[in-house]
Amino acid sequence: MKMKATGWDTLPPIHAQVADEHATTAPTPTGITVSSNWLRKVLTFAMVMGPGLIVMEADNDAGAVSTYTQAGAQYGTHLLWLLLLLLPICYFVQEMVVRLGIATGQGHAAMIYQRFGKWWGRFSLVDLLVVNFLTLVTEFAAIALAVQGMGIDPVIAVPVSAAALVALVVTGSYRQWERVTVILCVLDIAWIWLAFHADRGGSASRVVHDTLVPTMPQGGIKPNLVFLVIAIVGTTIAPWQLFFQQSCVADKRLRFKDLNWSRLDTAIGATFTIIVAGCMMLVGNLLFRKHVPFTDPAQMGAALAPTMGRTAHLAILLLMINAAVLGTTAISLSSAWAYGEVMGWPASLDLKPRQAPRFYTAYGAFTGLAAALVLIPRAPLQLIIVGVQALAGVILPSAIIFLQLLLNDHELLGDEYVNRSWNNVINWTIIILLFALSIVLAAQVVAPNVFPAN
Amino acid sequence: MGKIDGKPSYLIIHPLDDLPEVKRTVMPGMGPMKLTMTARISLLALRAYLIVMLVLVTYRVFTMATSR
């Protein structure tokens, strides 16, 4: 079935379009036959899992590595409890996205455009594209920083990374992209090894205590602490995640019967991500214990080399690159999917580049331009980082409001997939909390003198 | 679930290999979501807040850029 790309005014369901093409060309579905019910469950989960793990682990991107290790370096283990608090928040927000994606088979940008009109559709898209692009610049800046630490020229490494990231998606196979990306996610297990290595000689009971019991660092609540807490929240729950996972679920054509497996995928992803984030804090904590100032994760790796060894130093730099690569592929895809959905273009990783040229061009353009910007001498990277934080802080609560409203859309979803009352209570609480943090963050950026430094 | 040689058997199909299913899509004529007056006013307030905040953030970033 062929459909014409129609631009802003009408909006064909892009992922459904791919599914229609699949339906007309695909023979009777083939699968694997097993005789054990237990094996059936394991294999079904293995086939469904992916979007949840990827969206969560890609959230531990270069900015997150920097934020979590900084939190550990400045406040030791005192902020571990915050991560535990963020675990259910991450899950509840992303679970809504999964439900919406499975029920409609469409991306988040398309849903906002269709259900809230052109103004909100375009506003959400433009906001997402701007914040995502600026975030991509920070990812490539982290790659440049890490390769410099390994003695490699960023002028070579950054374009090579960008080319590899484009090569990862242009295979025309969703499954191939997902397999490689899941492997990159699993590599983050190395943070657990690093944390054990860093915490040698530390107090395990203190780690457990500070994870379970909220404690305040010495000196009490100071502006720097408040903003680090906001940065941690903003890093852990980012606007692109909503768009990414819904499009990913739609692109993978997850079925109604996959909902519970997909929820499990999201829960495992959230738990793994929070554990990895905690491990990053524990690695930073070694700087805190040694009273070494923190500048960035690459400097942290070099500062810890005499204590943890050269292997650990190299591992920190490689994990920085891995975090940036994961973040880049997920963020670029969320932009390209959203852009394609709103423009009415074919936008699927399961299409070959000649079948979805504008989708792949958008992905390549976002990735390539961000990489090029990092290589410009004296590019205003600090300004970009401030801009990313402020813009993400401003748009995140509003993005979640639309998610919440969409999940109460009885007309579209029927009674089966809309939020239950308890979902709504939890989600409005999250929205109010995020709005309060967003206003404080925006106020700091707009009027820094309102919250003078310590 | 089926049976092979009297034993239960299960066919597992990857979502990408399965036949597409009918989703809950926006039907022609459904149009934008129906909102209560309170929700409508709240969204208008949100729109104003976002426009003001984005202008302020942009102004602030440009100020920082020019003062470097």
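Reader: Why is Arg206(A) called partly exposed?

Author: In this predicted model, Arg206(A) has a relative accessible area of 43%. Buried means under 20% and exposed over 50%, so Arg206(A) falls in between and counts as partly exposed.

Reader: What makes Asp210(A) and Arg206(A) a salt bridge?

Author: Their closest N and O atoms are 3.7 Å apart, and the cut-off is 4 Å, so the pair qualifies. Both residues lie in helix H10 of chain A, 4 residues apart, about one turn of the helix. Asp210(A) is buried, with a relative accessible area of 1%.

Reader: Why is the aromatic pair of Phe256(A) and Tyr417(A) called tilted?

Author: The angle between the planes is 35°. Under 30 degrees would count as stacked and over 60 as edge-to-face, so the rest, including this pair, is tilted. The centres are 5.4 Å apart, and the limit for a pair is 6.5 Å. Phe256(A) lies in the loop between helices H12 and H13 of chain A and Tyr417(A) in helix H18, so the pair ties together parts that are 161 residues apart in sequence.

Reader: What makes Arg47(B) lie over the face of Trp119(A)?

Author: Arg47(B) is at 3.9 Å from the ring centre, and the distance limit is 6 Å.

Terms used
Residues are numbered from 1 along each chain as its sequence is written. Chains are lettered from A and ligands numbered from 1 in the order in which they are written. This is a predicted model: local features need pLDDT of at least 70, side-chain atom pairs count only at pLDDT 80 or more; totals for chains, interfaces and linings use all residues. Side-chain values use heavy atoms; hydrogens and water are left out. Rings of Phe, Tyr and Trp (its six-membered ring) pair if their centres lie within 6.5 Å; planes under 30 degrees apart count as stacked, over 60 as edge-to-face and the rest as tilted. Helices (H or I, at least four residues) and strands (E, at least two) are DSSP runs, numbered from the N terminus. A charge sits over a ring if NZ of Lys or CZ of Arg is within 6 Å of the ring centre and within 35 degrees of the ring normal. A salt bridge is a side-chain nitrogen of Lys or Arg within 4 Å of a carboxyl oxygen of Asp or Glu. Buried means under 20% relative accessible area, exposed over 50%, partly exposed in between (1.4 Å probe, protein chains only).
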